[in-house]
Amino acid sequence: MVKNLPVVPTAKAGSLVDTPTGITWRIQYPEILENCNMCLDCTLFCPDGAIVQQEGKLVLNLSLCKGCGICANECKENAIQMIPEYSGVQGVFR
Amino acid sequence: MALSIADLPKEELFGQGHAGCGGCGAAVAGRQAMKALGSRTIITIPASCMATMGGSNLKTTWQIPFYHTLFEIAPAVSSGIRAALDAQGIEDVNVVSWAGDAGTADIGFQALTGAAERNEHMMHVCYDNEMYMNTGGQTGSQTPMFAKTSNMSKGKMIKKKNMLAIMEAHEIDYVASASIAYPLDLIAKFKKAAEKPGFSYIHILAPCHRGWQIPAEKTIEFARLAVESGLFELYEVDEGKRTRTVEPIFIPVQDYLLPQGRFKNLTQEAIQGIQAGVNRHYGRGE
């Protein structure tokens, strides 16, 4: 017996990467300083996959970052600092 | 064989653009686990934060097949997926059911214990944030004693159920506890579990900064303090052989408990009781 199963919408794999949730929540963003010793701990501690290693260096994708500050808190070398997102009265959103 | 972070796969199978809070412990657990499991994985998730974080029906953050099951049946669905894969002769796929503490220890327990009894070739992962955080932080059986929750304003008065010991009693292939603060330990345990021919169970402590009332950036730090204070033991039971994988340095438990907003009503007697419990019970089973 062949059943006519309903066609349900199926999400394309990884499609949230193009329209990430929550970047408008961000009130501070990380910046990687020069004393980074490439221990790569932050790439495993970031909940959003915003810091990844590409071709031997760390790449920060600010369109994914929610600004939680875990990377700056966990960095043993203090090589990541959090910078407030807004400046001035109106605020500038990057 | 020692793992190093540089050797891990670069692909991001979960986590980029997810819909969870900033600083989510469960998302960290998911990302670390997917580094070990790889792209040949099918995951089933019951109602939990992890399911909503995965995305709605039109967008998803998973790069692998992800099935959002009903609340009680994630291990049962995974059993069915494994049966279908076996019928088609596909052998190189990891089947994982991934539930929160409610989907594992409370509502989802009957399907879990059934799958463990049948010794299905699959893996169940519990990411334990010690509360029902997806519905607003109610008390569950994995909530520790004295923790304040949204429906117990004076704190829970009963102990946390020892889920790892329960799963150990099923005599399954592999039982392990893991913590998001020790990623290489967690990844090594997932790799070991994926190679087992039968059922394996991994219990991850993944703090929720909303429920624990801690700053978002301290999520990992508190996961580490829980291990270092001896309140969450990292060990594995590999086919009956019990090994502790991380030796804690035993900081006083109050350094872990008191900074959390959910424990702010703790009395000194309660802290001494918890410390005495850690000193007495640590290493039980050796």
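**Figure 1. Helix 7 of chain B in the predicted model.** Helix 7 of chain B has twelve residues, which at 1.5 Å a residue should span 16 Å. Its end C-alpha atoms are 16 Å apart, in agreement with that value. The buried residues of this helix are Pro183(B), Asp185(B), Leu186(B), Ile187(B), Lys189(B), Phe190(B) and Ala193(B).

**Figure 2. Helix 1 of chain B and the glycine after it.** Helix 1 of chain B covers residues 25-37, 13 residues in total. From first C-alpha to last it reaches 18 Å, close to the 18 Å expected at 1.5 Å a residue. Because 13 of the 13 residues are buried, helix 1 of chain B is largely enclosed by the rest of the structure. Gly38(B) follows the helix and has a positive phi, near 85°.

**Figure 3. The interface of chain B and chain A.** The two chains bury about 2,800 Å² between them, and 59% of this area is on carbon and sulfur atoms. Ile5(B), Gln16(B) and Arg31(B) supply 20% of the area that chain B buries against chain A, more than any other three residues. The contact involves 42 residues from chain B and 32 residues from chain A. Between the chains, 16 residue pairs are in polar contact. On the side of chain B that touches chain A, the elements giving two or more residues are helix 1, helix 2 (49-54), helix 7 (183-194) and helix 9 (219-228) of chain B. Helix 1 of chain B gives the most, with five residues. That side of chain B divides into 17 nonpolar, 16 polar and nine charged residues.

**Figure 4. A salt bridge between the chains.** The rule finds one salt bridge across the interface of chain B and chain A. The side chains of Glu74(A) and Arg224(B) form a salt bridge, with N to O at 3.0 Å.

**Figure 5. Arg40(B) and Asp92(B).** The side chains of these two residues meet in a salt bridge at 3.0 Å, N to O. The pair links distant parts of the chain, 52 residues apart. Arg40(B) lies in the loop between helix 1 and strand 1 (41-45) of chain B, and Asp92(B) in the loop between helix 3 (74-88) and strand 3 (94-99) of chain B. Arg40(B) is partly exposed, at 44% relative accessible area, and Asp92(B) is also partly exposed, at 48%.

**Figure 6. Glu130(B), Lys160(B) and a salt-bridge network.** The closest N and O atoms of the salt bridge between Glu130(B) and Lys160(B) are 2.7 Å apart. Both residues lie in the loop between strand 4 (123-128) and helix 6 (163-169) of chain B, so the pair ties together parts that are 30 residues apart in sequence. Glu130(B) is buried, with a relative accessible area of 5%, whereas Lys160(B) is partly exposed at 26%. A network of salt bridges links Asp128(B), Glu130(B), Lys160(B) and Arg262(B).

**Figure 7. The loop between helix 9 and strand 7 of chain B.** Glu233(B), in this loop, forms a salt bridge with Arg244(B) of strand 8 (residues 241-244) of chain B. The closest N and O atoms are 3.0 Å apart, and the two residues are both buried. Ser229(B) lies in the loop too and counts as buried, at 1% relative accessibility. Leaving aside neighbours within four places in sequence, Ser229(B) is in contact with Phe250(B), Ile251(B), Pro252(B), Val253(B), Tyr256(B) and Val278(B).

Technical notes:
Residues are numbered from 1 along each chain as its sequence is written. Chains are lettered from A and ligands numbered from 1 in the order in which they are written. This is a predicted model: local features need pLDDT of at least 70, side-chain atom pairs count only at pLDDT 80 or more; totals for chains, interfaces and linings use all residues. Side-chain values use heavy atoms; hydrogens and water are left out. Helices (H or I, at least four residues) and strands (E, at least two) are DSSP runs, numbered from the N terminus. The expected span of a helix is 1.5 Å times one less than its number of residues. Buried means under 20% relative accessible area, exposed over 50%, partly exposed in between (1.4 Å probe, protein chains only). Contact means heavy atoms within 4.5 Å. Buried area is the accessible area (1.4 Å probe) that two parts lose on being put together, summed over both. A salt bridge is a side-chain nitrogen of Lys or Arg within 4 Å of a carboxyl oxygen of Asp or Glu. A polar contact is a pair of N or O atoms within 3.5 Å; within protein, one must be able to donate a hydrogen and the other to accept it, and residues adjacent in sequence count only if both atoms are side-chain atoms. Ala, Val, Leu, Ile, Met, Phe, Trp, Tyr, Cys and Pro count as nonpolar, Asp, Glu, Lys and Arg as charged, and the others, Gly among them, as polar.
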